[in-house]
Structures are given as C-alpha cells and as structure tokens.
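Here is a short tour of a structure, written to be read with the model open beside it. Please bring up the coordinates and follow along.

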Amino acid sequence: MSAELFKKMAQSIIDGDSDVSVELANQAVAANIDPIQAITEGFVVGVNTVGEAFANGDAFLPELVMAGEAMKAAVTALEPEMAKRGTQRKMLGKVVLATVEGDIHEIGKSLVGTMLSASGFQVFDMGVDVATTKIIAKVKEVDADIVAMSALLTTTMVKQKEVIDVLDKEGLRRKVKVMVGGAPVTRDWVQRIEADGYSEDAIGAVNVAKQLMGI
Amino acid sequence: MSKNIKSITNPKVHLDVLTPAEVQKIHDATLNIIENVGVRFPSIRSLDIWEANGATVDRESMIVKAKPHLIEAALKKAPPKYNLCARDPQQDLPLDGNHVFVGTDGCGVEIIDIHTGERRTSCLQDVGEVARVADAMEEVGFHWVALSAQDTPVETRGLHEIKAIWENSTKHLQTESIYNEHEARVAIEMAALIAGGKEALRKRPVLSLMQCTAPPLGHDGGSLDAALLAAEAGIPTGFMTMSAALTTGPATMAGVLAVGNAEVISATALLQLAFPGTPVFYAAAQTASDLRNGAYTGGGPEDFLFGAATNVLADFYDIPLSMGSFATGAKEPNWQAGIENSLSTFMACVSMSDMLLGLGFLHGSRIWSYAQMMMDAEIFSIVHKTMQGIVVDDETLALDTIAAVGPGGNFLSQKHTLKHMRDVFLPQFMDRRPYNVWEEKKDDARDWALAKARNILATHQPDPLDAKLSAELAKMIVAEEK
C-alpha cells in the first residue's frame, strides 16, 4: 500500500500543504516504512513536479516556496525515525546562510534558504544582523561547504568582504565556497571581494550553489 | 540656466481611485493591525516614547501595539503644509497639496559612465555631477542622493554625499542614505551651518530625511533613531514603505496598502508623540514582486495604482506625500522604461502626490543613466502638460478665428495661432522627422538625451557654496572619521 501513500506524499508537496505532509510522514513511520524511501519515492517526487512546472512557467514562486516548506516539515517529522535507524538523507552540501551584521533585511536571504533546502542542501539559516565571528564559528561547527551572505545596503555589503578576509586568515577559504547576494551586489563587487558566486534571485542561487558543489 | 522649477499645480485632470468609504476601510484595517498585530520598533528611544504614551510595549520582541485613539490623536498634530527650503530661497518648494515636484531617484550602486558608456561602480564624483546636472534642470525640484559614494568610508558615506550635493546645487536636498544616529547628528549640524544656525534651520529646513520601513510591519533601529533626531531639529522627516505584494505584503493590493500604511503611520505617530507639530511626510513605493522570481519589479499596473492610491491616503491624514514613480525595472532606456515611467508618473501626479521620486534610474533604482534622467524629465513635462487639461473659454474656443478662416482654409497665419502656438507641447526627444532624415543616422531619443546631459555637465556652473562653508563641512566630516 506504500505506493498509494507515496503518491499522496508527492501530492501534499504539490499542494504546498505542510499539515498533510507531516501527517503522511507520521503515517509512514507508523507503517514502518523506511523514511529515506518515503522522502525519495514520495516527497521528492512532489518537489520535482513543482520544480518542473516552475521551469515551464506553469507554477509561480509562492507555489515553489510552499512546496519547499511542506517538504522541510515532512523531513523534520521523519528525522527522529532516521536517527533511530541510524540512516541519513544524502544532502547536496552544507550551507551556512546569514544576512550580515548591521543589516536586518530578511526576505531575500530566507527565500534563498527555502530554495536551497528544497533542492536538497542542508541549510543553517542564522537569521539577520549576524556578526562575522558568529558566521565563522558556525562554518567551523558544521564543517560547511558554502557560506551564503546577504546584504541590502552598500554600507553593510562590506561585511561580506570581512567574512571572506577572516575565512582567508583562518585558512578556511580553500575549503569553503562563498556566495553573496542582495540588491546592491554586482558582478564588479563579487570580483573585487573574490567571492565564488552570486545571484540576483533565489532560483539562480540554487544553480550557483550546485555549480560550486560541482553538481 | 533657469532658476525656475517646474511643478504641476491647479490640475484639471482627476481620477477617483479610492472612494472615501474605501479609504476609511483601509484606515480602520490599519488601526486594527497596529492595535492587534503590532509593529516592530527596534530602538530603545522609540520604545520609551511609546511606553510613556501608554502603548503596549514588548521589550523582548520590540513590538509595539497602540490603541487607535493614540495613533489618530498623534497624527492630528502633524502640520498639513510646510516648505522644503533650498539654499536659494527662490527654489523653496511649497508642500501644500497643490504642487507636484520631482526629485532625482536614489540610491544606486552603478552608473552608465557619461563619457565611455560603460557600466561601473558609483563614486563620490558621480554624486556631485548628478547634482550639478539636476541643478540646471527645471524639471528637478529637489535632490535625493542619486548614487552611493562607494569610494568614501562606510561610516561617513552619507555625509560625503550630502556635502557633494550642496556644493553642486542650490536646490533642496532630501537624503535617503543616512539611516543611523551618528551620521544624522552630523548631517543636522551640517544643515544648520548652511541654514545659519539651529533655529534658522528649523525655519528653513534645507535638508529633509527619508527613512525606509522594514516591511512587513517593522522598522530599522538606526532609521528610527535618525528620524527622531531630525524630527527634534524640525527637519521634515518621512517613512517610506516599499511593501511588495507576494513577498513583504499580501498578494492583494488593498492588503499591501494596509500593511504599508501601518508601518508609515505608526512611525509618523511616534515622531508626533515625541515632537508634536514637527514636519513629517508620508513616503511610499509599494510594488508587486515578480510572480516567477520574487524580484522587485519597479513597474506594472499594481505600481501605477499604488501611485494614485497612496496620495489619497496621505490626504486622509493631511500630510504631504513623497511617492515612488519612474524607477523602471528595464535594463536599458527602452519600451519598458517608457511605459513604466510614464504610467507610474501619470498615476502619481493625477492624485497630486507632493514629491515624486525620481529621475534617472534603470534596473529598479540600481543603475544610473543620464540619458534616462533626461527622458524621465521629458515624461514629467508631458504629464505636466496633460494635467493642465483642456481650458474651455471664449479665447480658447476661438470662434472669431474659426469664422475668419472659414471652410477649407488653414490656421497657420492667424494672429490667434501666433498668440497660442507656444501652448502646444514641443518635445525634446520625440522623433517627428521625415523618414529619410532619420535614416541618415538612425539616431533617437537616447542619443539626444545623452548629448543634452553631456552639454549640461560640460557647461553648467551652479551658484557655488561659500568656500568657507565648504571647508567647515569637510572639517565636520573629518572630525567624525577620527
């Protein structure tokens, strides 16, 4: 009967309904279904469907975000069972995400987080106004593959460079890729601070992250 | 160059975008939001003021909830009319509900270089040069800081920018790029120096301050503290919402208006609670995010409607409005730029928004183009002429002249024609030449606009700022850098 359940799981993601996706995740656990299988054969199918519809111009950003959130909720519900079984979902990479110090602008950063995690990245979203030292500490703590930083002001944008400089000083720069974003961020700026990639929107950010991971 | 400033006044064209009942409904919804959902004020000084006035303050979340009567009573203290003053008093701008003035837009990060045509990072010299060109243009009433002076220290960048503008223009300066207490304090001292003292500044504010809200339903702490300092000094201060449907606002336009209104009137009320009667203005540039990528659009029917609707709200509160128009999302001066900037400006003018922002940008206020600046000015002139409407009286009906020409004649040689021909709009940048003339060079508006800007930049000398004052301003900035 799991085929039926997987179909419902995919549909819950397409509908962007977190309540239903969590309920189905719990049902899978109760029915002793492997959570990894539930994710790959159920929920991910839904994410891919929405992703394709979006790429074709048939779905819009809110649908993509809601699918991402329903996916995240379902995975969170499955996590205790995965821990119990000692299994782990294969992720594309670990991303430490933050809006830099002195800057409270959140939406672009959060959108990038949702898109990255829906695409299979493990995202550590540190929120807004995050000090350089905290970002560096988190990079070390989780052994991050990518640091992604947002800034909306020309006066806070300089913090993106500061983080890169500290990564460099601490000998982490080769290990960690750096992505930057935010309205004032231009190609010129990205080259000047020697970041590895940037995108003007959240969809593009996923492609950049994949490229940086060699995917 | 002309010292005249062009403004729309006594319009004959009107549009009812919201009924009084609809405005009341938006107002009621706004008060409901402020009372029950609350607005975040991450500034100790702001929270203290709210608490002292009986609002409910959560110190942890910094969310303020205020009763309707507190907000309404505070807003009533705001002056309905005042002047934005200029270094040259002839260029003062009456914000009296019967004038529409245009400013330069801001604050961008790149510029299409006027000489090379290459896109590059903006610097301090650009700030001064844009101001100098704007100083020469009758369509420009006041300045915003058009470009970020990215070759100056971050801590005093906003101060370098306003100094550069004062040195290159006699017109009013409204800065949108000072959003912290320490720069605001120095900026006010600089303005006082130019006005001739603190009391003189209060009477003749040569500087005004615009702060952005942090939608949905929030503010930036630095912005609040800067605004409170300005309000204390009697400098006109406004809060701008850029609430965007789908992302920082609901998908529906009425909801976006309510969310943005809650941000703006709560902060405006705060300034009135702290300093009753201080000059304030409403500011807005709502939009709809792009359905596909969430981007800031800088145009589209939603923007046009917000442009017309917001002044109806500002009129309801009886305070002046600074409204975002122009600012196309187009990457080049093209079809999209023409449509977006014309319609947004028309719609904001038709409800008589007091200040319009503004001229000169591409790619959603990010890339400055002198050609776009000139063409935007022409758009304003077209709207200006359109808003004058059709005058119907004996003179304009021209019955005697019509009788004199009779069937089959023409009106070219009539005295009446000679008298009124200059009422007919003469564009600077529209191509009405014969086809074969166009074919020779295939040049167009963009070329002519750029040539005009180059000519102004090469020839226009603004009335200089007293060298002593200039040196004093520099000293104040240096002191702040130590």
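Helices (H or I, at least four residues) and strands (E, at least two) are DSSP runs, numbered from the N terminus. Ala, Val, Leu, Ile, Met, Phe, Trp, Tyr, Cys and Pro count as nonpolar, Asp, Glu, Lys and Arg as charged, and the others, Gly among them, as polar.

Domain 1 spans 2-85 and domain 2 spans 94-212 of chain A, with bounds from an automatic or database domain assignment. Their C-alpha centres lie 27 Å apart.

## About the model

This is a predicted model, in which local features need pLDDT of at least 70 and side-chain atom pairs count only at pLDDT 80 or more, while totals for chains, interfaces and linings use all residues. Residues are numbered from 1 along each chain as its sequence is written, and chains are lettered from A and ligands numbered from 1 in the order in which they are written.

## Where chain A meets chain B

Between the chains, 16 residues of chain A are in contact with 18 residues of chain B. On the chain A side, two or more residues come from each of helix 4, helix 5 (107-118), helix 7 (154-169) and helix 9 (202-212). Helix 7 of chain A gives the most, with 3 residues. The chain A side has 11 nonpolar, 3 polar and 2 charged residues.

## The nonpolar core

The largest nonpolar core has 218 residues, and those with the most contacts inside it include Phe43(A), Val95(A) and Ala191(B). Such a core is a set of buried Ala, Val, Leu, Ile, Met, Phe, Trp, Tyr and Cys residues joined through C-beta atoms within 7 Å. A residue is buried if 20 or more other C-beta atoms, placed from the backbone, lie within 10 Å of its own.

## Chain B as a whole

Chain B holds 18 helices and 19 strands. Buried residues make up 52% of its 482 residues. Its C-alpha atoms fill a box of roughly 80 × 55 × 45 Å along the principal axes.

Methods. Contact = placed C-beta atoms within 7 Å. Buried ≥ 20, exposed ≤ 12 C-beta atoms within 10 Å, placed from the backbone.
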